[in-house]
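Dear colleague,

I am handing over a structure for you to look at. My notes on it follow below.

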Amino acid sequence: MIKTIVAGAVAALTFSSAIAAEITGAGATFPFPIYAKWAEQYKAVSGNSLNYQSVGSGAGIKQIKAKTVDFGASDMPLKVEELDAEGLMQFPAIIGGVVTVVNVDGVAPGQLKLTGPVLADIYLGKITKWNAAEIAALNPGVKLPDVEITVVHRSDSSGTSFLFTDYLSKVNADFKSKIGAGTAVKWATGVGGKGNEGVAANVQRIKGSIGYVEWAFAKKSKMTHTQLKNKDGNFLQPDDDVFKAAAAGAEWTKTPGFAVVLTDQAGKSSWPITGISYILMHKAQADGAKGREVLKFFDWSFKNGQTAATELDYVPLPSSVVSLVQGAWKAQLKDASGKAIY
């Protein structure tokens, strides 16, 4: 098995202007495609810039805690206890899906069917060949090669990994006990890659491989995705409609800190690995003007970025949730004098 680790280049959005404001953020790779588009559109109308480092949720959490960026981004919501201990507030920004991608000769995009339990057994190292009986039973009529499976996973602390492992832990008791859910776990087997970019590079390079990435990234990179069987027993193709179906049951008002997790949701059309990307900010803003610029960016994006989000197969926040978020901004984010910045 090839053990070379290919690290994806850190993606960054950097725009500059002599007079315009620039805000900085770091974290999740999951929302990078839509943040890139929003940043481009926002700069065109406001002149203000976003420098966002797509370095993974774990790194984003570290950077916002260290106050080296204006906001952090994570696909794993922090618990209220951690938010309070660090003086942080979090709010949802966008909804999307994680998909499995493969490099298997003769398999077309969207052709291969997988279930959560089988996928978990692949990542546990129990199922090691593409023509294994468990995979063949799901795919009658598909010619599966007698080829070793190379598992590809994230090597960095990743919210995408949290969503993936949280789902597998819900559908496979062995995976839950041996690996569990988290942004960084001890994988049973496989090759690591940094960011969506690193996972994609390894899957595209290694014949017989399987990995997991955010859907917009998979589409942009023209990768071979699989179908997944959801909680109601239906095999689905990924798109914004099935992500939207999974998000429909989110109980925002009943979840402290907006910490909703959307994996393995019930519903005939619910994509099983749907997730929410969150923004983290310090409640006490040392630079109130800079904090205000962050909120202006997201406020504009919520109001004007829905078309771009849909085109990239993300799900924009419902207007009712945007109102809840704006209320949280007013209540929790203050400048040095204690005055609300929104």
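β7, β12 and β13 form an open sheet of three strands, in the order β7-β12-β13, and the pairing is mixed. The edges are taken by β7 (113-114) and β13 (235-236); each has a single partner strand, so one side of each is left without a neighbour in the sheet. Between β7 and β12 (residues 227-229) the pairing is parallel, over two bridges. Within that pair, L114 stands opposite L228 of β12. As background, strands of a sheet pair through backbone hydrogen bonds, in either a parallel or an antiparallel sense.

Please keep in mind that this is a predicted model.

Next, the chain as a whole. Its secondary structure comes to 13 helices and 14 strands. The radius of gyration is 20 Å, close to the 20 Å that the globule rule gives for 342 residues, so the chain is as compact as a globular protein of that length. The C-alpha trace spans about 65 × 40 × 35 Å along its principal axes.

Of the 342 residues in the chain, 56% are buried. Among contacts with a separation of 6 or more, 76% are between residues 24 or more positions apart. The accessible surface comes to about 13700 Å², and carbon and sulfur atoms account for 52% of that surface.

On charge, there are 35 positive and 30 negative side chains in the chain. The centres of these two sets lie 1 Å apart.

Two backbone angles may be of use if you check torsions. Most residues other than glycine have a negative phi. Against that background:

- D264 has a positive phi, near 55°. This residue is in the loop between α10 (240-247) and β14 (274-282). Its relative accessible area is 12%, under the 20% cut-off, so D264 counts as buried.
- D313 also has a positive phi, of about 65°, and is not a glycine. Its place is in the loop between α12 (306-311) and α13 (319-332). With a relative accessibility of 8%, D313 is buried as well.

Which residue stands opposite L114 in β12? That is L228, as noted above for the sheet. If you open the model at that pair, the sheet can be followed from β7 through β12 to β13.

Regards

Methods: Residues numbered from 1 in each chain as written. Predicted model: local features only at pLDDT ≥ 70, side-chain atom pairs only at ≥ 80, totals over all residues. Heavy atoms only, no water. Helix = DSSP H or I, 4+ residues; strand = E, 2+ residues; numbered from the N terminus. Rg over C-alpha atoms; globule rule 2.2 N^0.38 Å. Buried < 20%, exposed > 50% of the residue type's maximum accessible area, 1.4 Å probe, protein only. Contact = heavy atoms within 4.5 Å. Areas by Shrake-Rupley, 256 points an atom, 1.4 Å probe, with all protein chains shown as cover. Lys, Arg positive; Asp, Glu negative; His and termini not counted. Charge placed at Lys NZ, Arg CZ, Asp CG, Glu CD. Pairing = 2+ DSSP bridges.
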